[in-house]
Structure formats: structure tokens, C-alpha cells
Amino acid sequence: MKSISANGAFEENIPQRRRTGQIWHTLFQASTIVGIIFLSALLYSVLNQTFGLVAIENQVDPAALAVGGVSVEELSKEQLVAVLQEHVSKGLFRRFEYDRPFAQRSREEVYRLVWQHVVAPQAVETWSLYESIFARDEIEAAVAEEFPDATLQFRSWLNRRLLTASQSSDPEQAGIRTAILGSLWTIAITILTAFPLGVGAAIYLEEYAPDNWLTRLLQTNINNLAGVPSIIYGLLGLAIFVRALEVLTSGAMFGATDPTTANGRTILSAGMTLGLLILPLIIINAQEAIRAVPDALRRASYGLGATQWQTIWWHVLPNALPGILTGTILGVSRAIGETAPLVVVGASTFVAIDPRGPFSKFTTLPIQVFQWTARPQDEYRNLAAGAIIILLLLIITLNALAVVLRNRYSRRL
Amino acid sequence: MSESNIRVEDNGYAIEARDLSIYYGDFRAVERVNLAIRRNEITAIIGPSGCGKSTVLRSFNRMNELYPTACAEGEVIFRGENIYDPDVDPVEVRRRIGMVFQKPNPFPKSIYENIAWGARINGFQGNMDELVERSLRDAALWDEVKDKLQEIGTALSGGQQQRLCIARTIAVQPEVILMDEPASALDPVATLKIEELMQRLKKKYTIVIVTHNMQQAARVSDHTAFFMMNEDRAGYLVEYGPTNQIFTNPQNEMTERYITGRFG
């Protein structure tokens, strides 16, 4: 056996150890940078679509609508009605009158109708933000050549109309109001189902359940369920909520059926399906938060003669609350972005009426984006980009809320 | 445990362990302990690590049941009744036999709430402010915290936290206080304060203290129980007697070797 002397026993390898460390350091840094690049690319492509030049062609030049030298903006209501009658088909005019008599409509309303149906501006071509900035001259030349009647304007597709208008088959009129309301309704139902069930299950598993094979089996299954593809949850929701529980989810049981649907493809079904989807996430996060409450606190509580429930209610839950809320909000932000299960559960692709309650048919923001990107008109792609920004903002808000709640409620243990 | 059972046999003992064995699953941690704790005295339990001192202490108020797989065999007599009887509620036992832990563990609540909470959940009907003040005075903490009762208890120093835990324990008016190495996480000054406090508390309460520190046992206790473990690593009671006898004239050779520091 080699003798171990003070000098011979250790290899002189410090430079080599440092080099190895340096290599790993660089690798970790590189992976972070790659991640940032991809995220920036995503943000770039969304923003690139949201803003840009649009060539707009009017069906009728507004100048041509002037009556006796008075431009169309300044015409009286009666004159506008006359303009409308002159330019649209008799059938359409009768429909307007039928929907709401002109006598009852304000001048603004009639003006909007004239603008929509007579002037009827259409985007004939759109350009991305990048092109709009760096190839402005070429775009202007092309517009002058191909669309001599068109005017070129810079447009943010993310505007008030996008937020306030409902779905429409005309991209100039389309907005995401129904989708935002649908998303909010759905998420409300999701939280109402998943939060109590998830936290309840977590409390049971952590504080009450005996440590036996059944509990371990349950635990393994919950962990696996968190990884099941969301489309599977969609199928489950379709089978259970939409079909088997139709009486409940359509509202028939309460005599509250929405006249527009009267089947199980409602906000309630969608919300409960998403609730199931994030249930394992909430359970796992809540369990971890509960497990992180020091046993010393439980013992202190028991040592004073507290019952198990008093210990859980006064010490375990308050101290686990920040973790539970964070986990819930992260689950909810995942649910907000889900599309696949809702397609299966039966999200409507075209809903122009605001949802009125849990029994209404629904569409959500991601569904709207999905559906718009599949449309042939280019403008819908721009609208979709605007909707994506709203969706991202919604998710960022939720995550920020999670951070705030965690900081506010986390207490020193 | 109804009031009618109080002192059916008053033999001067607060707690009596009779043939008490404690198991963790199949492992016997403590073997057939017979130990009678005298009322209004401080009884120290000493012994080498792993000899089951803390296990015995925890079995005196059924706190060992919080450890999965733990179970006790034999009897622990408190007020003439075996606390392990099926009709005895451990919640009631733990209010009457309180516990102070090795690491100070105040609730992450205000100092006031730390004291008031235990009393409130146990249905205390009296004046809460008075109870809080009395408990803090009894725990020699009042003067240090009287101006900051609404501040969080976990912000106090280690020694203050431990006295807060003692105040919290006496607020539910127990008869016995079990202390599991209450000063081992504290500096010598804080330790001294706890020891002085114990001397005052024994007038009202019976105190059982587990300690690693033999000087501490010699300083504070009236009786000392020395535990060892046998070949199967099960703890057993080697010797039990008045503290000065244990430390000056032990009857058992192992006790002598342990207190003189020759092993353990």
C-alpha cells in the first residue's frame, strides 16, 4: 500500500477543479440565456402582430355622402337615416327598423350604422410592426400602386374596441368582450370548485389520513393526475358534466336554462372541468404548504390542550395560507390559458351575446385566439395578437397577486 | 376526568408511572419504568442520549401519541386515574399536564395572543387581560414585554421566547409542567433565568425536567432519575432518589460512572 505522506497524498488539481466549475457555470448561464431568447421571440412575434400599418379602403368615400356641402360627420340624424336608406338594401334597412325603430335611436347610433354599413371601411392589407417601421417607403409605394383608393394608417390592434366589442364576423367590428367575460365566469366556477375541494383533500391527506398503502396509492395517483394531458380532462368533463350531469349543468334542475343553449355545454361544465384539471395541482401545493408548517407549532398547540381541529384551524391553516393561495393562483393561471379541454367540452366558437350566468354557452380568451388564428382574413391574426396580450396581462396580474398575497401573509415562524 | 375523582388517594405523588413501557412500532424504546413524581418538587430525568428520557417525559401527558407508531404499555397514574384508560381524553390530560419544549416555539402571533389563545380554546371565562398579566409575571417576563404585548412573540430573544412558552403553559393552569431540555438552546444567562423561574414555579406546580446538563439537574432538582439503555437499546430506570444522594452517594455503579463523567 502506498504510503500517505503530507505532500504525496493529494493531487495538485485545483486549476482543473476550477475549470470544471467554470464550464458548469457557463452551461447554466447559457441555458438561462436560451430561455430568455425564446421568451423574447414569443413577445416579439405577439407585439409585431399587434401594431402595424393598415391599408383601409372605404366602400363609399365619406366625402361622397356629403349632403349640400355638409360633410357626413355633421349631418343631422334624419339626414343620416336618409343616407342609410339610400345606400343599404331594403331588407337590411327594414331589419334595422325592426331591431330598434330609428325614432328611438340616437344620432350617434345612426352615424355608427352609416359608418359600418355604408362607408364600411375594410382593411385590404396589414403589415407587421417590423415592416411598418423599416419598410415604410415600400409599403407606401405598394399601396399607391395596388390600392389607389386606400388610406394608410398606423393602428394598434389592441384598442378600446377590441376590449369592448363582442365577437363579429367583420374584423373591423370584432372584439373580445364575450371572451373576457366568458373567461372570468369560467375561472370563477373553477376556483369555487377546485379551491375548497383541493384544500380539503390536502388537509385530510396531511393531517388526518393514516399512513397506509391506501393513502400512499392515493398520493401517487394525485401526483400522476397532475401530469395527465388536459385533453383527457376535457373528455372526462364531456362525459360527466356535459352528458351525465346535463340536468345540473344546463340549469334545467333549477329551471334556469339559458334560452341560447339548453344543453350541458355551459360555463358551469367548463368551469368544473378546469376545476378538475387544476385540482391535483392545488392539492399538491396545499399539501406542501401544510407540510411546511413546523411540527413544533402543532406540538405547542397540542401541549396546551388543543384538539386536532383547533390546531389545524388556528395554527396549521393560517401558517400554510400563503403557500395554499400561491399554489391556487398558479393553478388558476394555468386554467385561464387552457384551450384543449374546453374545445372538447364544447366552447362555442362564435358567441356574440354576453354570458349571463353559469348556464350560458361560453367562449374564453384562448378559444377566441385559437379560433381567430384559424380564420382566412389576415386581420384576425392581428386581433388574435391583441387578445393574446390581454390574456398575458390577465395571467401576469394573477401571478403578481400570488406574490403580493405570499408576501403579505407569510409570517415569521 | 371528572372533579369527583380528585385525590381519591393522595400519596403526595403528582404522577406515577407503573410498569410503563413505550414502543415505536416494534422497537421497545423504554422498558418497564416505575417512577413516582412528587408533588411541588422538581424532578430531573438524566441519562445518556437515546436512553428514552424525552420519550418517558412525553408519555406523561400523552404527547408521544403525536409521533406515529408510538404506543405505551402499563400505567401512568395522574389524580388517581390511569391517563391511558380508553375513556380518558388526551386533550384534557394535556391541559392539566403542560409541556415546554427544547426549542422555544411561541406561536407566530402577538405576545398577548400567545398567552390568551390556550386559555380561550380551553373555555377560559375570566378576565383575559388579568390572566395574561398574571401568567407573564409568573414567568418573570412581564417587565420585559408589558409595553409590547401586541408585538409578535417570535421576535423576542431565545430566552424570552422560552419564558413566553412557560407563561403560555401556566396560563391554562396545569398541575404539572413537563420540560424537555428547556434551556439547552439558550445561553448561560438565559438558562440561569429559567432555572430561577423553575424554583419559583415549583411552589405552585410540579415540574419534571429532562436535561443533558448534570450541573443543571444538581442545581435545580429535588429528585433525580437516572436512565440508561440496555443491550436492546431500550431505556430503563437505573436509579431514582433525592438529588443530593444521587450526586454524592449513588447506589448504583453506573450512576456513579455517569455523574462523574466517565461515560455517556
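Reader: What share of the 264 residues in chain B is buried?

Author: A residue is buried if 20 or more other C-beta atoms lie within 10 Å of its own, exposed if 12 or fewer, and partly exposed in between, with C-beta atoms placed from the backbone. By that count, buried residues make up 46% of chain B. In chain A, they make up 34% of the 413 residues. This is a predicted model, in which local features need pLDDT of at least 70 and side-chain atom pairs count only at pLDDT 80 or more, while totals for chains, interfaces and linings use all residues. Residues are numbered from 1 along each chain as its sequence is written, and chains are lettered from A and ligands numbered from 1 in the order in which they are written.

Reader: How does the radius of gyration of chain B agree with that of a compact globule?

Author: The radius is taken over C-alpha atoms, and the globule rule is 2.2 Å times the number of residues to the power 0.38. For 264 residues the rule gives a value near 18 Å, and chain B has 18 Å, which agrees. The C-alpha atoms of chain B fill a box of roughly 55 × 45 × 35 Å along the principal axes.

Reader: What does the globule rule give for chain A, with its 413 residues?

Author: Chain A has 17 helices and three strands; helices (H or I, at least four residues) and strands (E, at least two) are DSSP runs, numbered from the N terminus. The rule gives 22 Å, but the radius of gyration of chain A is 30 Å, so chain A is more spread out than a compact globule. Its C-alpha box is roughly 110 × 70 × 35 Å along the principal axes. Chain A is divided into domain 1 (51-156) and domain 2 (177-409), with bounds from an automatic or database domain assignment. The C-alpha centres of these two domains of chain A lie 43 Å apart.

Reader: What should helix α6 of chain B span, given its 14 residues?

Author: The expected span is 1.5 Å times one less than the number of residues. For α6(B), residues 158-171, that comes to 20 Å, and the end C-alpha atoms are 20 Å apart, which agrees. Of its 14 residues, 13 are buried, so α6(B) is largely enclosed by the rest of the structure. Just after α6(B), Q173(B) takes a positive phi of about 50 degrees.

Reader: Is M179(B) buried or exposed?

Author: M179(B) has 28 C-beta neighbours inside 10 Å and therefore counts as buried. M179(B) is found in strand β7 (residues 176-180) of chain B. Two residues are in contact if their C-beta atoms, placed from the backbone, lie within 7 Å. Leaving aside residues up to four places away in sequence, M179(B) touches V100(B), I207(B), V208(B), I209(B) and V210(B).

Reader: How many residues of chain B are in contact with chain A?

Author: There are 22, and they meet 18 residues of chain A. On chain B, α2 (90-96), β6 (97-100) and α3 (111-121) each supply at least two residues of this side. The most come from α2(B), with four residues.

Reader: Where in chain B is confidence under 50?

Author: pLDDT is the predictor's confidence in each residue, from 0 to 100. pLDDT stays under 50 over residues 1-8 of chain B. Chain B averages 88, and 95% of the residues score at least 70. The model scores ipTM 0.89 and pTM 0.82.
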